[in-house]
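Below is a walk through one protein model, taken a region at a time. Please look over the structure before reading on.

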Amino acid sequence: MDFQGFLNDLQDWELSRKDKTQTVKSQKENVGNSPGLYDFSKISDPLNRLHGSFVPEDVPDAASEKDLGNEFFKQKKFKEARDCYSRSIALSPTAVAYANRAMANIKLRRFQEAEDDCTEALDLDDRYIKAYSRRATARKELGKIKESMEDAEFALRLEPNNQEIKKQYADAKSLYEKDILQKATGAMRSTVQGTQKVGKSEEKVNGGSIHPISHGTQKSGPAEINHKKVNEQQIPVKESLITEEVDSRDTITRKRPQAQGGDDSMKVLTASNSLEQRNHRINKPEMKASVQQLASRAASRAMAEAAKNITPPTTAYQFEVSWRSFSGDLALQARLLKAISPRELPKIFKNALSSTVLVDIIKCLSSFFTEDMDLVVSYIEHLIKVPRFDMIVMCLSSTNKDDIRKIWDEVFKSEATPIEYAEILDNLRSKFCLGQ
């Protein structure tokens, strides 16, 4: 109907222009035939020629600059292409121009500028897949592995059958897992090495105090003189054994000491070496298990830190990244929702709300419905104002509809719900096509 009205207006305008043209022609004819009237069209022609001489014929516009940039890019003249895209953005900023300049920046290895351009493009169009893909590439080169994986994952959500995006996401995910494993392994190794250093220092301290304690009860006199001689002989023997152990890394001594009283020191050293060997054997499986523990602890710490600093998202991409990071924790997801004003939901999601996120939001709202009914009702009222909401509801699977219907019947429409809220929720129920 709008289009038909536009056509009618266009036809009326065309008819009015024809009428005016005929009127002007008849006036010119009258002027030419009337002897007392002057024809001012003789003046207008020179003025038009003078005006045309000052105005350039080819005025650049945003589209032509972008097209020229594309031609330079095909010729691998990336700097010239970047300049053209910059002029196009200056004339009329578009998501495509920003994303194209980001690609030129990637080729010029200006990765930070490429990331910034992709972010500008997504501010203009938060469903532009190329901007997500190119920002993932730039972030990978900048060492932002986690953010790169999130960009690739979001692009894949928008276009699941894109093979190039699938490969990019798989590569980013593999790189992220390797990065986590390396960090956890490095932390584990430093912990093990610190423990071993402490153990060795304790062994050295204990080794130096064994002999005085074991022989401290001997009587004075000649026996005491013999004890001193024995100790003098034991000191170099023990040092040679420790040196030999460090060099060979073997728990079996190559040479038996000949000094009197050396059997006790041999037993002590052999016992400590065998204990160290057992600890070394045990540490290998423990280290593998500890790597996984460290990774899980790091993830939990990251989630706890993120929970402390929840910032309201301004785009659908930011919302989904934060929402997935709190997956499985309804309390944190509820905090994220409460950080957003209900009125902002249509602006945030625009046309990027997915059916999965919609169902998750309804489940989260049901978790604090009894605590704050006003807020929950307000969220649902503004959710249905998100663009393409009717299409999202039509795409809901039967399982998702059953889940929402169950929440509606058991939580939103329970006997404890006041009548004023029950009436509003009954009206909203129809928007989700749940039936009666």
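Is R388 buried, partly exposed or exposed? R388 is partly exposed, with a relative accessible area of 40%; buried means under 20% relative accessible area, exposed over 50%, and partly exposed in between, with a 1.4 Å probe and protein chains only. R388 sits in the loop between α16 (373-383) and α17 (389-394), and its phi is positive, about 65°, although R388 is not a glycine.

The model is predicted, so local features need pLDDT of at least 70 and side-chain atom pairs count only at pLDDT 80 or more, while totals for chains, interfaces and linings use all residues. Residues are numbered from 1 along each chain as its sequence is written, and side-chain values use heavy atoms, with hydrogens and water left out.

K76 lies between α3 (62-74) and α4 (78-91) and is exposed, at a relative accessible area of 65%. Helices here are DSSP runs of H or I with at least four residues, numbered from the N terminus.

Helix α5 (residues 95-107) has 13 residues and spans 19 Å from its first C-alpha to its last, close to the 18 Å expected at 1.5 Å a residue; the expected span is 1.5 Å times one less than the number of residues. Because 10 of its 13 residues are buried, α5 is largely enclosed by the rest of the structure. Among the buried residues are Y98, N100, R101 and I106.

Charged side chains come next. A salt bridge is a side-chain nitrogen of Lys or Arg within 4 Å of a carboxyl oxygen of Asp or Glu, and the count by this rule is 20. In one of them, R429 meets D409 at 2.9 Å, N to O. R429 lies in helix α19 and D409 in helix α18 (residues 398-412), so the pair ties together parts that are 20 residues apart in sequence. R429 is buried at 3% relative accessibility, whereas D409 is partly exposed at 36%.

Another salt bridge joins K413 and D426 at 3.7 Å, N to O. K413 is in the loop between α18 and α19 and D426 in helix α19, 13 residues apart.

Helix α19 (residues 419-429) also holds E420, which is partly exposed at 45% relative accessibility. E420 gathers with E371, D372, D374 and E423 in a patch of negative charge on the surface; such a patch takes residues with over 30% relative accessible area and no salt bridge, like charges being joined within 9 Å.

Definitions and conventions. Patch = residues over 30% accessible without salt bridge, like charges linked within 9 Å, V, L, I, M, F, W, Y side chains within 5 Å. Areas by Shrake-Rupley, 256 points an atom, 1.4 Å probe, with all protein chains shown as cover. Lys, Arg positive; Asp, Glu negative; His and termini not counted. Charge placed at Lys NZ, Arg CZ, Asp CG, Glu CD. Helix = DSSP H or I, 4+ residues; strand = E, 2+ residues; numbered from the N terminus.
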